[in-house]
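Work through the exercises below with the model open beside you. Try each task before you read its solution.

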Amino acid sequence: MPIQTYNHFRRITSFTKTFVPPSIWESLSRIRANDTAVREYGIRQATVMCQELIDAGVVGLHFYTLNLETSVRLVLENLGIVHAPRDLLKQLPWQRSQSHRRKEETVRPIFWANRPSSYLQRTSGWDDFPNGRWGDSRSPAYGDVSFHHLF
C-alpha cells in the first residue's frame with residue numbers, strides 16, 4: 001500500500017515492526033506536515049519499488065488498499081499496467097434495455113458473480129464515499145468531504 005499520510009505510515013510501521021530505510025524517513029520528515037505531498041511521495045515511491053520488482057522478474061504484485069484504492073490505481077497507471085478507469089468504463093455497467101418500460105432505467109442490481117469484472121473497476125468510486133474510514137477526514141485520501149456527506 002502506498003504511503004497515505006505520515007502519521008498512518010509511522011503507526012503501521014511501528015505496529016508491524018517493519019524496517020524502513022533511513023532515506024525514506026528523511027524524505028518523509030521534510031514533508032510530514034503536508035498530506036498531499038506525502039501521498040504523492042508514497043505513489044512515486046511505490047511506483048519505483050514495483051518497477052524494480054517487475055524488472056527483477058516478479059510476475060505478480062499484491063496491494064493492500066484498506067479502502068483507499070486511488071493511490072494503488074495511480075501506481076498501476078504509472079506502471080502502465082492499467083489505464084485510467086474513467087476512460088474504460090461504460091456509462092452504465094449493463095446494456096440498456098430495448099424495452100420501452102425499462103429504457104430510462106438508471107439503477108439495477110448487479111450480481112458480480114454473474115458479471116466478472118476487475119476489482120479496480122468495481123471499486124473505482126469508493127474513495128468518493130469515505131463512510132467507515134479510519135483516520136483524519138482532512139486527509140486528501142478522503143477527497144472532498146462536504147456538508148452533503150453528513151446527511
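Residues are numbered from 1 along each chain as its sequence is written, and side-chain values use heavy atoms, with hydrogens and water left out.

**Exercise 1. Confidence and layout**

Task: Find which element has the lowest mean pLDDT and which the highest, and list the order of the elements.

Solution: 
- Step 1. Take the confidence first. pLDDT is the predictor's confidence in each residue, from 0 to 100. The protein averages 77, and 60% of the residues score at least 70.
- Step 2. Helix 5 (residues 85-88) has the lowest mean, 52. Helix 3 (residues 35-55) has the highest, 95.
- Step 3. Draw the caution. Where pLDDT is low, the predicted coordinates should not be read in detail.
- Step 4. Count the elements. Helices (H or I, at least four residues) and strands (E, at least two) are DSSP runs, numbered from the N terminus. The protein has six helices and zero strands. The order is therefore α-α-α-α-α-α from the N terminus on.

**Exercise 2. Burial**

Solution: 
- Step 1. Buried means under 20% relative accessible area, exposed means over 50%, and partly exposed lies in between (1.4 Å probe, protein chains only).
- Step 2. Look across the chain. Pro-2 and Tyr-41 are 39 residues apart in sequence, yet their C-alpha atoms are 8.7 Å apart in space.

**Exercise 3. Salt bridges**

Task: Find how many salt bridges the structure holds, and work out which residues they link in a network.

Solution: 
- Step 1. Recall the idea. Side chains of opposite charge can pair when their charged atoms come close. A salt bridge is a side-chain nitrogen of Lys or Arg within 4 Å of a carboxyl oxygen of Asp or Glu.
- Step 2. Count. There are two salt bridges.
- Step 3. Take one bridge. Arg-73 pairs with Glu-69, with the closest N and O atoms 3.9 Å apart. The two residues are four apart in helix 4 (residues 69-79), which means about one helical turn separates them.
- Step 4. Take the other. Arg-73 also bridges to Glu-77, at 2.7 Å from N to O. Again the residues are four apart in helix 4, so about one helical turn separates them.
- Step 5. Join them. Glu-69, Arg-73 and Glu-77 form a network of salt bridges.
- Step 6. Check burial. Both Arg-73 and Glu-69 are buried. Arg-73 has a relative accessible area of 15%. Glu-77 reaches 23%, so Glu-77 counts as partly exposed.

**Exercise 4. Aromatic pairs**

Task: Find how many aromatic pairs the structure holds, and name which residues ring pairs link into a cluster.

Solution: 
- Step 1. Set the rule. Rings of Phe, Tyr and Trp (its six-membered ring) pair if their centres lie within 6.5 Å; planes under 30 degrees apart count as stacked, over 60 as edge-to-face and the rest as tilted.
- Step 2. Count. The structure holds two aromatic pairs.
- Step 3. Classify Tyr-6 and Trp-25. Their centres are 6.2 Å apart and their planes are at 80 degrees, an edge-to-face pair. Tyr-6 lies in helix 1 and Trp-25 in helix 2 (residues 22-31), 19 residues apart, so the pair links distant parts of the chain.
- Step 4. Check their burial. Tyr-6 is buried at 9% relative accessibility. Trp-25 is partly exposed at 26%.
- Step 5. Classify Phe-9 and Trp-25. Their centres are 5.3 Å apart and their planes are at 50 degrees, so this pair is tilted. Phe-9 in helix 1 and Trp-25 in helix 2 are 16 residues apart.
- Step 6. Finish. Phe-9 is buried at 16%. Ring pairs link Tyr-6, Phe-9 and Trp-25 into a cluster.

**Exercise 5. A polar contact**

Task: Find which side chain makes a polar contact with the side chain of Gln-4.

Solution: 
- Step 1. Locate Gln-4. This residue is in the segment before helix 1. Its relative accessible area is 4%, so Gln-4 is buried.
- Step 2. Apply the rule. A polar contact is a pair of N or O atoms within 3.5 Å; within protein, one must be able to donate a hydrogen and the other to accept it, and residues adjacent in sequence count only if both atoms are side-chain atoms.
- Step 3. Name the partner. The side chain is that of Ser-71, at 3.1 Å.

**Exercise 6. A surface patch**

Task: Name which residues make the nonpolar surface patch.

Solution: 
- Step 1. Set the rule. Patches are made of residues with over 30% relative accessible area and no salt bridge; like charges are joined within 9 Å, and nonpolar side chains (Val, Leu, Ile, Met, Phe, Trp, Tyr) within 5 Å. Accessible areas come from the Shrake-Rupley method with a 1.4 Å probe, and for residues only the protein chains shown count as cover.
- Step 2. Name the members. Met-1, Tyr-64 and Leu-66 make a patch of about 340 Å².
- Step 3. Check Met-1. This residue lies in the segment before helix 1 (6-16). Its relative accessible area is 33%, so Met-1 is partly exposed.
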